[in-house]
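Here's a quick briefing to read alongside the model. Have the sequence and the 3D view open and follow along.

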Amino acid sequence: MIVLGRIVAPFGVQGWLKIHPFGDDPLTWRNMPNWWVSNDPDAPAEAWSQRELRGCRAHGKGLVATLEGVPDRNAAEAIEGWYIGAPREALPKPAADEYYWGDLVGLEVSNEAGEALGTVSGLISTGAHDVLQIQDGDTERLVPFVAAYVLDVDLAGRTIRVAWEKDW
């Protein structure tokens, strides 16, 4: 499963959900007839519950949506904090130089000199831009996921090359 966002609060009294998306262009999710929900982002695919998407629209910096099985505010409150996801094959294909966060986690990161910096353990959405969390043993590095720092992403080779000194 690719985790797309998180349910942050109920929205109104008719079962609508306020969604914080992880990544850009979440309105493309409207093209998916079904979304999947889980209270654990690391749950196996069979633990995610498939729900028909009944409505979705932009709201501020996020989305509001309504799903099958969430008829009122009480039902929406019951899944507050849960995650929205989808199997890879249900997602729209990303454009050139666009990536799903799930595709980046686990990639090996090196700098321009070829020094290994660690492995992508996650991403953080800061509002201004996303940030790669790179783990190297007990050392964590945070690298902005912008062109000035991320020089190359090779999904096939499972690597990312960044403009970053190892001692920073």
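A salt bridge here is a side-chain nitrogen of Lys or Arg within 4 Å of a carboxyl oxygen of Asp or Glu. By this rule the count comes to four salt bridges, and one of them joins the side chains of Glu77 and Arg73 at 3.4 Å, N to O. Keep in mind that this is a predicted model, where local features need pLDDT of at least 70, side-chain atom pairs count only at pLDDT 80 or more, and totals for chains, interfaces and linings use all residues. Residues are numbered from 1 along each chain as its sequence is written, and side-chain values use heavy atoms, with hydrogens and water left out.

**Overall layout**

- The protein chain has two helices and twelve strands; helices (H or I, at least four residues) and strands (E, at least two) are DSSP runs, numbered from the N terminus.
- Reading from the N terminus, the order of elements is β-β-β-β-β-α-β-α-β-β-β-β-β-β.
- The C-alpha trace spans about 55 × 30 × 25 Å along its principal axes.
- Of the 168 residues in the protein chain, 40% are buried. Buried means under 20% relative accessible area, exposed over 50%, and partly exposed in between (1.4 Å probe, protein chains only).
- Take the contacts with a separation of 6 or more: 50% of them are between residues 24 or more positions apart. Contact means heavy atoms within 4.5 Å.

**Salt bridges**

- Glu77 and Arg73 both sit in helix H1 (residues 73-78), four residues apart, which is about one turn of the helix. Glu77 counts as partly exposed at 38% relative accessibility, and Arg73 is partly exposed at 34%.
- Asp103 and Arg88 make a salt bridge at 2.4 Å, N to O. This pair links distant parts of the chain, with Asp103 in helix H2 (residues 101-104) and Arg88 in the loop between E6 and H2, 15 residues apart.
- Asp103 is buried because its relative accessible area is 14%, while Arg88 counts as partly exposed at 35%.
- Arg54 and Glu52 meet in a salt bridge of 3.9 Å, N to O. Arg54 counts as exposed at 53% relative accessibility, whereas Glu52 counts as partly exposed at 37%.

**Nonpolar cores**

- A nonpolar core is a set of buried Ala, Val, Leu, Ile, Met, Phe, Trp, Tyr and Cys residues joined through side-chain atoms within 4.5 Å. In soluble globular proteins, nonpolar side chains tend to be buried together.
- The largest one has 26 residues, and those with the most contacts inside it are Leu4, Leu17, Ile19, Trp35, Leu67 and Ile84.
- Six strands each supply at least two residues of this core: E1 (2-11), E2 (16-21), E3 (34-38), E4 (49-59), E5 (62-67) and E6 (83-86). The largest share, four residues, comes from E1.
- Leaving aside neighbours within four places in sequence, Leu17 is in contact with residues including Ile7, Phe11, Leu63, Leu67, Val70 and Ile79.
- There's also a second, separate core of 15 residues, which includes Leu107, Val109, Leu132 and Val150.

**Strand pairing around E2**

- E1 and E2 pair in the antiparallel sense over six bridges; two strands pair if DSSP finds at least two bridges between them. Ile7 has Ile19 in E2 as its bridge partner.
- The hairpin of E1 and E2 has four residues between the strands, and Gly12 there takes a positive phi near 80 degrees.
- E2 and E5 also run antiparallel, joined by three bridges. Here Ile19 stands opposite Leu63 in E5.
- Gly23 lies in the loop between E2 and E3 and is partly exposed, with a relative accessible area of 25%.

- Asp130 belongs to strand E9 (residues 130-136).
- The side chain of Asp130 does make a polar contact of 3.4 Å with the side chain of Trp101. A polar contact is a pair of N or O atoms within 3.5 Å; within protein, one must be able to donate a hydrogen and the other to accept it, and residues adjacent in sequence count only if both atoms are side-chain atoms.
- Not counting residues up to four places away in sequence, Asp130 touches Trp101, Leu123, Ile124, Ser125, Pro144 and Phe145.
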